[in-house]
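Reader: I have a sequence and a model to go through. Can you take me over the helix packing and the pockets?

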Amino acid sequence: MNLILFGPPAAGKGTQAKRLVTEHGFIQLSTGDMLRAARSAGTELGQRVAAIMDSGQLVSDGIVIELIEDQLDTHKDAPGFIFDGFPRTVPQAEALDKTLAKRDQEIDCVIRLRVDEEALLDRVTKRFEEQGREDDNPETFKKRIDAYNAQTAPLLPIYAERKKLSEVDGMGSIEKVAAEIDAALAKQSGDEKKGFLSKLLGGNK
């Protein structure tokens, strides 16, 4: 199962992704983690990544796709993949579709964590005042939300049209959000995958 978690910064995507990895054996494909791992590995691709990052340039979508392809092929027996930080734009989503299609795969489920952005801003502002974490800077956070709404949110209608999109109330407790995500996965899996989902949601705890 190939899953995308959508939601603005601080919506709780990371927490839920880690849970799916721990409880169900999903492989989390985080753009940042993959770039750092490639750089450390020292492979030909990793050397290209290092050169680009050292020059201060942004790594191209093509290289990110190469990293994703490598992980898909390395973990062929994984019960599922969570795409984290990719796709962020329509061209990236199209590139991911092509990559998966070459392996007779597709995005099976897209879960949007629906949140109150003002409440998130209040939460982040309070945390910034108490802990001083730089990534919680309210002005920076506002820019990240604006970027999400401008670039990533337009992907939601595309997946909704494909009937892949499920919406979950991201303002609930971690446990409640987790339960709604599992229910969404079960619904998207369909009757033909009941056996797979039963194993996925019940066998790796």
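Author: The model is predicted.

Reader: What makes α3 and α4 a pair in contact?

Author: Contact means heavy atoms within 4.5 Å. Leu-45, Arg-48, Val-49 and Ile-52 of α3 meet that cut-off with Ile-63, Glu-66 and Leu-67 of α4. So these residues make the contact.

Reader: How is the packing of α3 and α4 described?

Author: Two packed helices are described by the angle between their axes and the distance between the axes. For α3 (residues 44–54) and α4 (residues 61–74), the axes come within 11 Å and cross at roughly 145 degrees. The crossing is left-handed.

Reader: How do the residues of the contact of α3 with α4 divide by class?

Author: Five are nonpolar, none is polar and two are charged. Arg and Glu count as charged, so Arg-48 and Glu-66 are the charged ones.

Reader: What lines the largest pocket?

Author: The lining has 47 residues. Pro-8, Pro-9, Ala-10, Ala-11 and Lys-13 lie nearest the centre. Elements that each supply at least two lining residues include β1 (2–6), α1 (13–24) and α9 (174–189). The lining has 21 nonpolar, 15 polar and 11 charged residues. About 1,000 Å³ of space lies in this pocket.

Reader: Why does Gly-85 count among the lining of the second largest pocket, and in which class?

Author: A lining residue has an atom within 4 Å of a pocket point, so Gly-85 qualifies.

Technical notes
Residues numbered from 1 in each chain as written. Predicted model: local features only at pLDDT ≥ 70, side-chain atom pairs only at ≥ 80, totals over all residues. Heavy atoms only, no water. Axes fitted to C-alpha atoms, helices over the stretch in contact; angles between N-to-C directions. Helix = DSSP H or I, 4+ residues; strand = E, 2+ residues; numbered from the N terminus. Left-handed = near helix turned anticlockwise from the far one by under 90°. 1 Å grid on protein atoms, 1.4 Å probe; cavity = no way out; pocket = protein on both sides within 12 Å on 5 of 7 lines; lining within 4 Å. Points joined across faces, edges and corners; volume = space filled by probe spheres on them.
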